[in-house]
Amino acid sequence: MSDPSHIRNFSIIAHIDHGKSTLADRILELTHTVADRDMKEQVLDSMDIERERGITIKAQAVRVMYEADDGQTYQLNLIDTPGHVDFTYEVSRSLQACEGVLLVVDAAQGVEAQTVANAMMATNADLEIIPVINKIDLPAADPERVRHEIEEGLTIPADDAVLASGKTGEGVCEALEAVVKRVPPPVGDPDAPLSALIFDSYFDTYRGVVALIRIVDGEVRKNMKIRLMATGVVTDVEEVGVRRPANMPVDALTVGEVGYLVTGLKDPALVKVGDTVTPAKHGATEPLPGYRDVKPMVYTGLFPIDGDQYPDLRDALDKLKLNDPALIFEPENSHALGFGFRVGFLGLLHMEVVKERLEREFDLDLLATAPSVAYRVTRTDGEVLEIHSPQDMPDPGHIDHVEEPYLTAQVIVPPDYVGAVMELAEGRRATFKNMQYLSKTTVDMHYEIPLSELIMDFFDQLKSRTKGYASLDYEFLGYRRGDLVKLDILLAGKPVDALSFIVHKDKAYARGKVLTEKLREIIPRQMFEVPIQAAIGGRILARETVRAKRKDVLAKCYGGDITRKRKLLEKQKKGKKRMKSVGNVEVPQEAFMAILKVDD
Amino acid sequence: MDETVLPGAGSHDELSAAALPAHLYIHVPFCSSKCSYCDFFSITDVSDERIEPVRRGLDDQIARWAELGLPGMIETMYIGGGTPTVLTTRLVELLRIAFDAFDRSDRAEVTVEANPDSLTSLLVESLAEAGATRISLGVQSFDARELALLGRAHTVDDALIGCEAVRMAGMDLSVDLMCGIPGQSVDTWLESLEQVLTTGARHVSVYPLTLEEGTPLQSACSEGRLRAPDPDLTATLMRIAEECLQSAGLRRYEVANYAVPGHESRHNLAYWTSRQYIGIGPSAHGMLDVPTAIAAGVLDPEQAADASRVRYSEADDLDEWLAGAGGEVELLSAAEAAREDVMLELRLTRGTTIAQVERANLMPVMEDLESLGLIERGGTGEQTRFRTTSRGWLLGNEVFSRVWAGV
């Protein structure tokens, strides 16, 4: 059994791109956990997409052994948390497995929205916070300003903040020393029944679901019969071990330790992040606090461009779900796009990542419709429906009222751009709550905003209007009533289900007008004139026309080269295949996402 | 695609004379300069050292085909390019060699493609004397600014002088014109059309400019240095050409070709009516039926299984061609050949027959095209013909690609 006094469990938290993963890499190097020859950039980000985008999607945990200045060797468990707001719940669970955090702040960028959000989460979890001012090698680094921002804005003492550079390795040792000295060792009762927190899980093709756990009380061994308290599932422990970062089996995991547990279960839905592991008999009476079911908030239709790929898409979604239980999907049938799936995501990034993985790892060509949120519709007969797709919206005559999800959004921005943010927020039905200066150069603004507005290109707009300075964080607030209507788009007189969307009544006209204009640019000229209309019920709000094409003929045929002629025709035809035939109108894929590009 | 075996291998004992190809294309891959819109294979080095091996290569090829007894009696022959006239006196020699090697009918049409900058009256006379009957002159425009923009090496005067020389030599004259040139207007186009009618040309080809990837003209347009041709204006110009030329007695007989009746290009008609033709020279194309292709050594009998038509090309790399390497061979099934027949015949004003359409299993496609107003039918019963409409000419790609795809 490891002596808890020589265990430190900590996490690194940071705003995206502040250098969290690089710092983690340096820690693995410094402690010789990963041989130099195996050192890939950002070892903990194991998915290609994570490494390319520089984001962490899944939580990871790795054990390193560190010989401290006091001459003693410590077991440090580094829990790398997801770096994006879509995965806030995962972050909060990861933090529950720690006693302290390294709060990494970019020495040039300073405190940003997720710095604040993450620091608040760490404070609420009662964790020791060690500020690390990172990237001090940058020419634009201004550690003093950042130190000030941390103290003023986050009210975290930063006198002894570690100055570090993940790039050069400077300060990494000091950071580990600070972890050993300042992060409290885990406290737990070794004689109590096992109580362990699941802070992540993944699916192994050969072994089934593997849970990453933190032991709070007691111990877990191979062959033990355990129960997962939230789902009530009972199973046998097939193996326990630690990750260094490859799996290394051990006899037992004891109080304060972090490791993995092979559950022997084949259904990932049964092993939920935040659940408590306890012995099947005479187990803990109370689960560890803070568990909740994660619910997707953003929905989109995913359709194979080639209808024959529908079964492949279903298989691919099934496979992805094994490692991503937050992903949900149900079959959806669109008149315009054929058979596909309505897929639910935690947020926009989650959606992008899933779509990219489906296309890349499963070689699928997909068309995604504009994302929608989960609306709550109360019918006149009192029945309450949850609507994930505009198509499912009942007839207006049957609707008593509609509620939509709201968020509290936090924007951190230099004072010069406060006006720009206000203007954007104003156009997005956001309610201003308050703002405060974190320092002379950073303002923290709070809004309440409908999620549906936030998923409409809000982040890109925010970035472009603030020249990239603004950062954003948000949290689910609750459902609120709204005057919402379904706007239909008609092509050549026929409504196209995949183009309809739900919008606030006050914005319906403006959105309809801009969208029809946008579609006129996107839809190529066809054999006929194609009217594009936006309508609520039967009432037309806006109309544009794509004129019929007059000329489409190839030039001279040289020396009887018929083959070349035919090949050009085939190439042209192939280009058309990338489009969807809606009725007799050829619609390019980007049309289905055009609503997202509607700039207010 | 398989490599061709150059002619010389097979035998045509079993081929009947009637089935032998009667059309010959000889490709001369040289140009004095490269036009700004052209992405075709051509060589601008016209030094003796460069030309001579090609000339010898063409001679050898002619001799090899002649040994095979192919083509049969020549009905049409076309020397195209490139710019054959850059060969000057060698071109006359080439004609003589071909005539010596092959039989040709008394009424054979022998066309030489020419550009005004390299067509002297002396050369025209020599060609006529050697047996050429027709000159296809690449004028493209009678507007000086447009000629410069196209990178043509000739002036408006060169063109007019060239036309005059052809007429004086008593040969049939065909003139190529291009519409959709950046900056071209209805006025400059009318000017070109009026000029062409003064030249005595009894055949005019009108092509819309296509911006080919990688050409200087295409990059100028994509970089915004030139305004790309407006498709609507080009459509209008094509309509104007139709009206202008038809009222002057040049009847449209093909999507891009107009002629005084009796002066249609029989060689081009052979392409559109799926006659066999032999192509000789770097990057030249030919089309043969399966027995002929086997006899010519273009096709290995073992590969012939389901083929009903063979299209082949010679190597389009000069060094490879000189080294005797083959080009590409494309095999078409009976169904594909039938669809191709309809596709090609719809380029002609006389259109195609219901029998052809049924053979190609294209009735549903034709009905769709009819409902779109792109083709129309005339006649009844077995006499029914399908013809491309005026709207169909402008949207030719829609017609041809649907027919070829069969859906």
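Select chain B to begin: of its 407 residues, 59% count as buried, a term that denotes under 20% relative accessible area, with exposed meaning over 50% and partly exposed the range in between (1.4 Å probe, protein chains only). The model is predicted, so local features need pLDDT of at least 70 and side-chain atom pairs count only at pLDDT 80 or more, while totals for chains, interfaces and linings use all residues. Residues are numbered from 1 along each chain as its sequence is written, chains are lettered from A and ligands numbered from 1 in the order in which they are written, and side-chain values use heavy atoms, with hydrogens and water left out.

**Chain B as a whole**

Colour chain B by secondary structure. There are 16 helices and 16 strands, taken as DSSP runs numbered from the N terminus (helices: H or I, at least four residues; strands: E, at least two). Contact here means heavy atoms within 4.5 Å. Among contacts in chain B between residues at least 6 apart in sequence, 71% join residues at least 24 apart.

**Helix 8 of chain B**

Next, select residues 231–247 of chain B, which form helix 8, and find B:Glu242 within that helix. B:Glu242 is buried, at 14% relative accessibility. Beyond its neighbours within four places in sequence, B:Glu242 is in contact with B:Arg252, B:Tyr258 and B:Ser390.

**The interface of chains A and B**

Now display both chains. Here 28 residues of chain A are in contact with 45 residues of chain B. The two chains bury about 3,400 Å² between them, 55% of it on carbon and sulfur atoms; buried area is the accessible area (1.4 Å probe) that two parts lose on being put together, summed over both. On the side of chain A, select A:Met527, A:Arg550 and A:Arg566, which lose the most area to chain B, together 22% of what that side buries.

Which side chain meets that of A:Lys549 in a salt bridge? The partner is B:Glu398, at 3.3 Å, N to O. A salt bridge is a side-chain nitrogen of Lys or Arg within 4 Å of a carboxyl oxygen of Asp or Glu, and the rule finds seven across this interface.

**The cysteines**

Finally, select the cysteines. The structure holds zero disulfides over all chains, a disulfide being a pair of cysteine sulfur atoms within 2.5 Å. For B:Cys31, the nearest cysteine sulfur is that of B:Cys38, 6.5 Å away. B:Cys31 is buried, with a relative accessible area of 11%, whereas A:Cys173 is partly exposed, at 35%.
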